[in-house]
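Please view the structure alongside the text.

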Amino acid sequence: MHGKQRYIALNVVEWFRKQVEGGGNYQSLINEALKAHIKQQGESLETILRRVIREEMKAEQQQVAA
């Protein structure tokens, strides 16, 4: 496949954008979530995304507390 193709639901993209409002790249965050899913095929995508979301929320809470 050549070039980029984007078929991600807008609400999913918006969620990832909100996760990096303080800085960062939402596309990288999406890619990391997808790579984690591929790497851990035995785990469901839902489980992986829940873990990633928890990790991001924890990091955000730590930033706010600092």
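## Helix packing and an aromatic pair

In this predicted model, Val13, Phe16, Arg17 and Gln19 of α1 meet Tyr26, Leu29, Ile30 and Ala33 of α2, contact meaning heavy atoms within 4.5 Å. The residues of this contact comprise six nonpolar, one polar and one charged; Ala, Val, Leu, Ile, Met, Phe, Trp, Tyr, Cys and Pro count as nonpolar, Asp, Glu, Lys and Arg as charged, and the others, Gly among them, as polar.

The axes of α1 (residues 10-19) and α2 (residues 26-39) come within 8 Å and cross at roughly 110°. α1 is therefore roughly perpendicular to α2 (65 to 115 degrees).

Overall, the protein has three helices and zero strands, helices being DSSP runs of H or I with at least four residues and strands runs of E with at least two.

A search of the whole structure finds one aromatic pair, with ring centres within 6.5 Å as the criterion. Trp15 and Phe16 form this pair, edge-to-face (planes over 60 degrees apart), at 4.9 Å centre to centre and 85° between the planes. The accessibility of both residues is tabulated below.

| Residue | Relative accessibility | Class |
|---|---|---|
| Trp15 | 27% | partly exposed |
| Phe16 | 6% | buried |

Buried means under 20% relative accessible area, exposed over 50% and partly exposed in between, with a 1.4 Å probe and protein chains only. Buried residues make up 15% of the 66 residues.

Residues are numbered from 1 along each chain as its sequence is written, and side-chain values use heavy atoms, without hydrogens and water. Local features need pLDDT of at least 70 and side-chain atom pairs count only at pLDDT 80 or more, whereas totals for chains, interfaces and linings use all residues.

Definitions and conventions:
Axes are lines fitted to C-alpha atoms, for helices over the stretch in contact, and angles run from 0 to 180 degrees between N-to-C directions. Angles under 35 degrees count as roughly parallel, over 145 as roughly antiparallel, 65 to 115 as roughly perpendicular and the rest as oblique. Rings of Phe, Tyr and Trp (its six-membered ring) pair if their centres lie within 6.5 Å; planes under 30 degrees apart count as stacked, over 60 as edge-to-face and the rest as tilted.
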